[in-house]
Amino acid sequence: MMIHLKKENKDFFKTVYNDMLEQFPKSELKSFETFMQLLSMDNYHIYSASTDDIIVGYFIVFMDNEHKSLWLDYIAVLKKYHSRGFGHKIFENLKNYFVKDFNGIYLEVEKPDETNINTIRRIKFYESLNAQKLGIKYFYPNENGFLPMDLYFLPFNQVKIPEQKEIINTIQKVFRSIHTDCNDLDSILSKIN
């Protein structure tokens, strides 16, 4: 099964926003208007993932060219294509697609919750890709303040995990670029260490 990745535009985003509303917790979603503003930036992009000209998923990344790293803001396989191995295939292709220009990708992951099996599944999925949990106290900024999460890094090829200073610099850059709709970013950033 071959997956093809394609950089898309705001019109494509409009077609997947309803899917995002269904698949992501409200506490992790930005408003439609905020997405439209972000997608106008030079380093925030949405990509489709397709096979046989059928779109099976999508992802949104922030590109930190200074640190040669990607920040995965969202990724999803469309519901009707769940449990068919597309998630692994999308990540394989994502790594191959970006490996020349980037060292790896940061992943924000919900804390494990025994009452929500999907949190455990997601963690196992990312770990099966060789993503490594970073030893950092991390919080996702949202309209209600912040949400405690774990931060992982998936290196491309044999790249080392970034050092703490670089991780913090990347987080600051990401927050000041894609979380401008959140209040009190400095306070949230001060909690991350």
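How many bridges join strand β7 to β8? Five, with β7 (residues 138-142) and β8 running antiparallel. Before going on, note that this is a predicted model, where local features need pLDDT of at least 70, side-chain atom pairs count only at pLDDT 80 or more, and totals for chains, interfaces and linings use all residues. Numbering starts from 1 along each chain as its sequence is written, and side-chain values use heavy atoms, with hydrogens and water left out.

Helices (H or I, at least four residues) and strands (E, at least two) are DSSP runs, numbered from the N terminus, and two strands pair if DSSP finds at least two bridges between them. Back at β7 and β8, the two form a hairpin with two residues between them. Here Tyr138 sits opposite Met149 of β8. Met149 is also the bridge partner of Glu110, and that takes us to β5 (residues 104-110), which pairs with β8 (residues 145-155) in the antiparallel sense over seven bridges. Strand β6 (residues 132-133) pairs with β8 too, antiparallel over two bridges, with Gln132 opposite Phe153.

Now look at helix α3, residues 86-98. Its buried residues (under 20% relative accessible area, 1.4 Å probe, protein chains only) are Phe86, Gly87, Ile90, Phe91, Asn93, Leu94 and Phe98. Down the helix axis they fall within an arc of 165 degrees, so they line one face of α3; the arc is taken from the directions from the axis to the C-beta atoms.

Finally, find Ser50 in strand β2 (residues 44-51). Ser50 is buried, at 10% relative accessible area. Leaving aside residues up to four places away in sequence, Ser50 touches Met2, Ile3, His4, Ile55 and Val56, contact meaning heavy atoms within 4.5 Å.

Note on methods: Buried means under 20% relative accessible area, exposed over 50%, partly exposed in between (1.4 Å probe, protein chains only). The expected span of a helix is 1.5 Å times one less than its number of residues.
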